[in-house]
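I opened this notebook page to record what I looked up about how the chain is divided and how its parts pack together.

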Amino acid sequence: MTDVLFDVRNALTVGNFHQAIADGSTARGMATKPAEVSDFNVEKSAVVALGQIGLGQGDAVISQLRSESSPLLVSVRTWAELMVALRDNDPLSDTVASVVARLQSDAETVSAEAMYKAVFAATALLYQYDVIGALTLAKRWLGALQKPEGALAMRRTVELHAVAVEALLRLNRPDEAANEVKRMEQVDSEAIVTLLCAGIVALHQAALNVAAQTYEAAVSSFKEVQLRCGNSVMVSNLMALAQLGLQDYDAAERSLLDALAVRSNDEATLANLAAVGAHKSNTMDGVERYIQQAAMLRGAWSEAYLMKEKSLDDAIEAFKLEG
């Protein structure tokens, strides 16, 4: 049976949340049996809710799913609670820890039908910087369920592999992450998640060996994702990083301008445009403009930038006083 939500899930993967919500909300299932219709409606509600969470609408999702009893939708609601907790609290706070503990408890028992619980729980541990815990949980489930059956089970299996890939990269083990990507390819080599992870791992490997062919492999993976999913801010930025590695600054700038056309206030895009502008020896006015625009958005990059700027200003003032 055709997976009506296939493209919607891919939109979620590449961060095109508006598209996922729009297409998911209007999707119509092809099933006729009551049980299958019910399963489709649960999946549909889940992907739309995840799109809303991606846009920072966690509070709305919690409210919408408050009376839902489906295990999948309960997990999505708990995920929304985690995103809201992370928005309002430190990742290591008791509030966040409490929600993460609930997700871990839900993922205690390995079950093929509940692979999504392991994806949520392992990813939640990454948000708490428990990289070993996330990797251990993912490996436990993947080791127990080595032969997924059905398209949805295969998709959730590669998603859990992707969590393991991220954990290994955080541990500075791109070699092991590359092996994990090979395992993903054995499950579904054409999955967008697989292609995306292959490109990201290639970027990390290229940072170590500075080999043009490794950067080219990353570009190839990201191009395939763009071909199948359309323009994405996240993928365009990843593409630009690979093109920077190849010293193709014009191509990197084009990729970033494509991203900026989708989301004009994206912090990472603006910061990367400043970096590309510096490499291209553009006027410093243009570079400074991108930096200031990124700094005004008050995200993770801008917080780090403003902190360093303040440290520099303090050092200059101290030097003046000493003089």
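I began with the domain assignment, automatic or from a database, which gives domain 1 (1–88), domain 2 (90–189) and domain 3 (225–322). The model is predicted, so local features need pLDDT of at least 70 and side-chain atom pairs count only at pLDDT 80 or more, while totals for chains, interfaces and linings use all residues. Residues are numbered from 1 along each chain as its sequence is written, and side-chain values use heavy atoms, with hydrogens and water left out.

I then looked up the contact (heavy atoms within 4.5 Å) between domain 1 and domain 3, which takes seven residues from domain 1 and eight residues from domain 3. The area buried between them (accessible area, 1.4 Å probe, lost on being put together and summed over both) is about 460 Å², and carbon and sulfur atoms give 50% of it. Asn10, Val14 and Asn16 supply 74% of what domain 1 buries there, more than any other three residues. For salt bridges (a side-chain nitrogen of Lys or Arg within 4 Å of a carboxyl oxygen of Asp or Glu) I noted a count of zero between domain 1 and domain 3.

Technical notes. Buried area = accessible area lost by both parts, 1.4 Å probe.
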